[in-house]
Every structure is written in structure tokens, then in C-alpha cells.
Amino acid sequence: MQPTRRHILTFSASLPLVALTGTLAHAQTKPSVYANDGIAIDGTDPVAYFTQNEPVSGDPAITYDWMGATWRFTSVENRDTFAADPAAYAPQYGGYCAWAVSEGYTASTVPDAWRIVDGKLYLNFSRRIQRRWQRDIPGNIARGDANWPSVLQEA
């Protein structure tokens, strides 16, 4: 069967749609928890922010796997506290930078750029970025909440 001009035009017109569909099918999602080499929040014990009021490195032998990442803790007690209610202790936005999420993208964080607001832990890329985030905490949290988790979608 000889292709007609109509067949060729129909096929040509469908190519962009096929290309777009292929692109959408291959869109990826970032992990919902920021984890360097699979370790959440650089191995810092999330419970310690609440109980010791500072970032404390967790013990690699005391861990709990949650949301696709390994969380480290300074004690079995902290691990068990976290395991009983991870959402109460895990940083907001999966441990990604709160400022970045409020701006519509994701960025890594450092354990010493942190703040607890209304019982929730927020981390930032750096202390400099944290100062920027703190200029309008309520507004940045509102924007971050509106952007989360859609910022995890990669084009």
C-alpha cells in the first residue's frame, strides 16, 4: 500500500504529541526525603533538635528506615520516639531547604541551619539562607506548604 499525502500529514502531525507523551512518561520525581547517600539529614538525629535544642550526629548503629531513607539517632530511646511518630520529628519538606521550597525548587540542607516553628522542624541550605527565610517565616511557610510536594517533580 502506497502512503498517501493524508497518511503522511496525519503521521507528521502526531509526532509532536508522541514526543510530548514520551517526555511526560519519563518525567522523574525526586526522593521525598533529602538524603545524601541514603542517609537523611546528613546523619543528624531529628529528635535531638527537639530534646537537646541542637543538631547532634546520630550513631550509624542506631537507625530507622522511613520514607526511603535511613535516619540515625543518638540513642535507642530517640529512635523509638521517632518510630512512634516520624512526622512529628522529621523536618518539613522532607529535609529539603525550607527557603528553596518556598521559592518553588529544592536544595540540600546543612544540620546547623535549623529552626523549630510551631512544633515543626525546618532546615535550610546555609545559615545565610536561613536568615533570608527568617525575614518572613509565616509567609515562607505558607508558600512552602503550597509548593510541597509538587517541587519534587523534575521536568
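Is D136 buried, partly exposed or exposed? Please go on from there to the salt bridge that D136 forms, and to how α6 and α7 meet.

Modeller: Bearing in mind that this is a predicted model, D136 is partly exposed, because its relative accessible area is 35%, a value between the 20% under which a residue counts as buried and the 50% over which it counts as exposed. D136 forms a salt bridge with R143, with the closest N and O atoms 3.9 Å apart, which falls within the 4 Å cut-off for such a pair. R143 is likewise partly exposed, with a relative accessible area of 34%.

This pair is one of three salt bridges in the structure. Another joins D112 and R127, whose closest N and O atoms are 3.4 Å apart; since D112 lies in strand β6 (residues 110-117) and R127 in helix α6 (residues 127-134), the pair ties together parts that are 15 residues apart in sequence. Both partners count as partly exposed, D112 at 35% relative accessibility and R127 at 47%. The side chains of R79 and D80 also meet in a salt bridge, at 3.2 Å from N to O, and here R79 has a relative accessible area of 23%, while D80 is at 40%.

Turning to the helices, the axes of α6 and α7 (residues 137-147) come within 7 Å and cross at roughly 100 degrees, so that α6 is roughly perpendicular to α7. On the α6 side the contact is made by R132, W133 and Q134, and on the α7 side by I137, N140 and I141; by class, these comprise three nonpolar, two polar and one charged residues.

Leaving aside neighbours within four places in sequence, I141 is in contact with Y93, V117, Y122 and W133. As general background, nonpolar side chains in soluble globular proteins tend to be buried together.

Terms used: Residues are numbered from 1 along each chain as its sequence is written. This is a predicted model: local features need pLDDT of at least 70, side-chain atom pairs count only at pLDDT 80 or more; totals for chains, interfaces and linings use all residues. Side-chain values use heavy atoms; hydrogens and water are left out. Buried means under 20% relative accessible area, exposed over 50%, partly exposed in between (1.4 Å probe, protein chains only). Helices (H or I, at least four residues) and strands (E, at least two) are DSSP runs, numbered from the N terminus. Axes are lines fitted to C-alpha atoms, for helices over the stretch in contact, and angles run from 0 to 180 degrees between N-to-C directions. Angles under 35 degrees count as roughly parallel, over 145 as roughly antiparallel, 65 to 115 as roughly perpendicular and the rest as oblique. Contact means heavy atoms within 4.5 Å. Ala, Val, Leu, Ile, Met, Phe, Trp, Tyr, Cys and Pro count as nonpolar, Asp, Glu, Lys and Arg as charged, and the others, Gly among them, as polar.
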